[in-house]
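Look at the model below and follow the chain from the whole down to single residues.

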Amino acid sequence: MMQKVTYIVMTIFILSAISTRAQYISKIWEYKPAPGQFINSAPWGCPYSANTLIGGTNGTLSLGSFGGYVVFSFENPVENDDANPYGIDFTIFGNPLTDWSEPAAVFVMKDDNGNGLPDDTWYELAGSDYFFTCSIHDYEVTYTNPNANSDIPWSDNYSNSGVITALSDIHPYYPVADSFPEINNNSYSLNGSYIVGAIDLSVPYNIRSYKRGFGYVDNNFRGVAPYTIPDNPYTEETENSGGDAFDISWAIDENGNYVDLDMIHFVKVQSAMLANAGWLGEISTEITGAVDVAPDNSITGNLDMLVLKDLPDTISYYPYYLEYFCFHSGRLDETETVTWTVSPDIAKIDEQDRLTFHDEGAVQITATLDSNPEITKTVSTFLKRCCSGISSTDNNISVFPNPAQDFVTIQNAEDSDIAIFDLSGRCVINVRNYSGESIDISALKAGMFFVKVGEEIIKLVKK
Ligand SMILES: [Ca+2]
Ligand SMILES: [Ca+2]
Ligand SMILES: [Ca+2]
Ligand SMILES: [Ca+2]
């Protein structure tokens, strides 16, 4: 009897100790990498690498290129507690550098059927880039095994294809069968949420992949312990634990509507870009651990955020469509508006957020949130005079036929990225690494479109 009482007392003591200490990842449910430069090699890309995330924040896991993912859980569910600082419920740590972000999207799942297994519904935590017109929420990429230590061919569900460039022939990028027997040795497909990101290859010795606004892994620096006090993701600077802060309230269903979850049991982190970054290789997310947040409603800060779509280095045509989104506590607020200013005054931005300009030069474009003028966002670019709505360009890029009904061919644009925009600036067709074959435009409504090839733009009339 005495022993039993002691046992119960000790159990209560241990349980209360567990509930007050930091909660780290306690179980890995699945690790399925995409091909990448660290896959198949220690310490980042072996099956055991996923287990290094358990119990701390100094693990070593690479997800590889687009679609690679890991599913994990904490010992106890993560609560969407209103008393958590800035509403943040958990933090994931990566290894970003200055101007070097390798973003992954995060999904959460509540164990609705109570069986302890991740067999319920995934909800994406919609981050800053989720609403950009060129983000794709149902993207799927199929990777083919080259059966050599060389480039990995891929194709996607939008008829694009390309390669993950192998930086060396020392080891295979495609997950090897001995280590990853569940991955088909000829080809396999990964799907999920895709964002374009912002890579700058203009300075070869200083290639950059700019950080996203909020809501992506491997994006923000680590701060200081204790890691149970999170970063405020709505400010530029690093507060408290730093790392990438996530709020369960950002969860969005497949129709794009926010859902209210009181707690979650499982987390999926999925590499969200498909891009080669020169000699640095493909963009591939790294994770070192995760921790849940301790409630403390004395910690508060700014919760408004303004996100502008990244601009290219040079804009040589107009109208150029600017894209912005306003968030409050990380949820999109479509009632918010901004006021634009351009310095120096050589360009104008109209009510539809269309930029036009009458002179050349470097400019800074600032958006100010009308409801809270302390919230601003500034981007810069170089305006280079060209022409508006031209039908062919200096590089002899042209659209044929034009007007067109079902198919167009873009001439002299092989290997370029092509986007077709409607008059409202919405990207309606996106083709990467254009092969020169005809593009199906039969689904577009009759009217005027803009075909963007690199930095060139050409008018297209759809019949
Ligand atoms: Ca929350
Ligand atoms: Ca990284
Ligand atoms: Ca379940
Ligand atoms: Ca911050």
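Two strands pair if DSSP finds at least two bridges between them. Helices (H or I, at least four residues) and strands (E, at least two) are DSSP runs, numbered from the N terminus. This is a predicted model, in which local features need pLDDT of at least 70 and side-chain atom pairs count only at pLDDT 80 or more, while totals for chains, interfaces and linings use all residues. Residues are numbered from 1 along each chain as its sequence is written, and chains are lettered from A and ligands numbered from 1 in the order in which they are written.

Start with the whole chain. Its secondary structure comes to one helix and 36 strands. The radius of gyration is 24 Å, close to the 23 Å that the globule rule gives for 463 residues, so the chain is as compact as a globular protein of that length. Here the radius of gyration is taken over C-alpha atoms, and the globule rule is 2.2 Å times the number of residues to the power 0.38. Along the principal axes, the C-alpha atoms fill a box of roughly 90 × 55 × 40 Å.

How much of the chain is buried? Buried residues make up 40% of the 463 residues. A residue is buried if 20 or more other C-beta atoms lie within 10 Å of its own, exposed if 12 or fewer, and partly exposed in between; the C-beta atoms are placed from the backbone. Contacts tell us about reach along the sequence. Two residues are in contact if their C-beta atoms, placed from the backbone, lie within 7 Å. Among contacts between residues at least 6 apart in sequence, 68% join residues at least 24 apart.

Now divide the chain. Domain 1 covers 23–292, domain 2 covers 304–388 and domain 3 covers 398–462. These bounds come from an automatic or database domain assignment.

Three strands form an open sheet in the order S14-S5-S19, and the pairing is antiparallel. Its edge strands are S14 (244–246) and S19 (289–292), each of which pairs on one side only. Neighbouring strands of this sheet are turned by 20° against each other on average, direction ignored. For such angles, axes are lines fitted to C-alpha atoms, for helices over the stretch in contact, and angles run from 0 to 180 degrees between N-to-C directions. Strand S5 (residues 90–93) pairs with S19 in the antiparallel sense over four bridges. There, Phe90 stands opposite Asp292 in S19.

Another open sheet has four strands. Their order is S10-S9-S8-S11, again with antiparallel pairing. Strands S10 (161–164) and S11 (187–194) are the edges, and each pairs on one side only. In this sheet, neighbouring strands are turned by 30° against each other on average, direction ignored. Strand S9 (residues 152–156) joins S10 through four antiparallel bridges. Ile152 has Ile164 as its bridge partner in S10.

Move on to domain 2. Strand S20 (residues 304–308) and strand S23 (residues 324–328) pair in the antiparallel sense over five bridges. Leu306 has its bridge partner, Cys326, in S23. Two bridges also join S23 to strand S24 (residues 331–332), and these two run antiparallel. Phe327 stands opposite Leu332 in S24. S23 and S24 form a hairpin with two residues between them. In the turn, Ser329 has a positive phi of about 50°.

Where do domain 2 and domain 3 meet? Six residues of domain 2 are in contact with five residues of domain 3. On the domain 2 side, strand S21 (residues 314–318) gives the largest share, three residues. That side divides into three nonpolar, two polar and one charged residue. Ala, Val, Leu, Ile, Met, Phe, Trp, Tyr, Cys and Pro count as nonpolar, Asp, Glu, Lys and Arg as charged, and the others, Gly among them, as polar. The C-alpha centres of the two domains lie 24 Å apart.

Finish with two residues. Ser316 sits in strand S21. Why does Ser316 count as partly exposed? Because Ser316 has 19 C-beta neighbours inside 10 Å. Leu460 is in strand S36 (residues 456–462). Leu460 is buried, with 22 other C-beta atoms within 10 Å. Not counting residues up to four places away in sequence, Leu460 touches Val399, Asn402, Ala404, Val408, Ile420, Phe449 and Val451.
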